[in-house]
Amino acid sequence: MESFVAHVYFKTDNIAHEVEDGTPLIDFCDEVDVSLSFGCTEGTCGVCEVTVVEGKENLSRITEEEKDYLLPEDLEGGMRLGCQVKVRKGEVVLSWKKVKTK
Ligand code: FES
């Protein structure tokens, strides 16, 4: 089977990264050292909110957790919970609000 490579651009930090098709976002955020933070990792705290600037169609489907947590208009506007998202082929551009942790 052919595997695809997705290109993720973390706009907030100006970091670009390539991942294999189907990789959960949370799995490589640590590796690339972006400032996007995670809390519960289960879709209930909202710490990991990201806005998909481009490439909404290149991410995994919206989960029930995201439907519970996010407002329909936010989902419509491209907002997702980073811990719920898997990246598929193509280009994805993400941005988020920087949270001061220190
Ligand atoms: S880390 Fe809590 S909702 Fe994603």
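Does G43 count as buried, partly exposed or exposed, and how many C-beta neighbours does G43 have inside 10 Å? G43 counts as partly exposed, because 19 C-beta neighbours lie inside 10 Å. The scale behind this term calls a residue buried if 20 or more other C-beta atoms lie within 10 Å of its own, exposed if 12 or fewer, and partly exposed in between, with C-beta atoms placed from the backbone.

The model is predicted: local features need pLDDT of at least 70 and side-chain atom pairs count only at pLDDT 80 or more, whereas totals for chains, interfaces and linings use all residues. Residues are numbered from 1 along each chain as its sequence is written.

**Overall architecture**

- The protein contains three helices and seven strands; these are DSSP runs numbered from the N terminus, with helices being H or I of at least four residues and strands being E of at least two.
- In sequence order, the elements follow the pattern β-β-β-α-β-α-α-β-β-β.
- The radius of gyration is 13 Å, close to the 13 Å that the globule rule gives for 102 residues, so the protein is as compact as a globular protein of that length. The radius is taken over C-alpha atoms, and the globule rule is 2.2 Å times the number of residues to the power 0.38.
- The C-alpha trace spans about 35 × 30 × 20 Å along its principal axes.
- Of the 102 residues, 24% count as buried.
- Among contacts between residues at least 6 apart in sequence, 64% join residues at least 24 apart. Two residues are in contact if their C-beta atoms, placed from the backbone, lie within 7 Å.

**The sheet**

- Five strands form an open sheet of mixed pairing, in the order β2-β1-β7-β4-β5. The edge strands, each pairing on one side only, are β2 (15-20) and β5 (79-81).
- From one strand to the next, the twist averages 35 degrees. Axes are lines fitted to C-alpha atoms, for helices over the stretch in contact, and angles run from 0 to 180 degrees between N-to-C directions.
- Two strands pair if DSSP finds at least two bridges between them. Strands of a sheet pair through backbone hydrogen bonds, either parallel or antiparallel.
- Strand β1 (residues 5-10) runs antiparallel to β2, and six bridges join the two. Y9 stands opposite A16 in β2.
- Strand β4 is antiparallel to β5, with three bridges between them; V50 stands opposite R80 in β5.
- Three bridges also join β4 to β7, again antiparallel. Here V52 stands opposite L94 in β7.

**The nonpolar core**

- The largest nonpolar core has 19 residues, of which V8, L36, V87, V92 and L94 touch the most other members. Such a core is a set of buried Ala, Val, Leu, Ile, Met, Phe, Trp, Tyr and Cys residues joined through C-beta atoms within 7 Å.
- Two or more residues of this core come from each of β1, α1 (25-32) and β7 (90-95). The most are given by β1, with three residues.
- Leaving out residues up to four places away in sequence, V92 touches A6, V8, V52, E54, G55, N58, L59 and V87.
- In soluble globular proteins, nonpolar side chains tend to be buried together.

**The loop between α1 and β4**

- G43 is found in the loop between α1 and β4. Residues up to four places away aside, G43 touches T63, E65, E66, Y69, L81, C83 and Q84.
- The C-alpha atoms of G43 and S60 are separated by 14 Å, and the two residues are 17 apart along the chain.
- T41 lies in the loop between α1 and β4 (49-54) and has a positive phi of about 60 degrees although it is not a glycine. T41 is partly exposed, with 15 other C-beta atoms within 10 Å.
- C40 lies in the loop between α1 and β4 and is partly exposed, with 13 other C-beta atoms within 10 Å.
- C40 and D21 are 24 Å apart in space, C-alpha to C-alpha, and 19 residues apart in sequence.

**The loop between β1 and β2**

- N14 is placed in the loop between β1 and β2. Although N14 is not a glycine, its phi is positive, at about 55 degrees.
- N14 counts as exposed, because it has 8 C-beta neighbours inside 10 Å.
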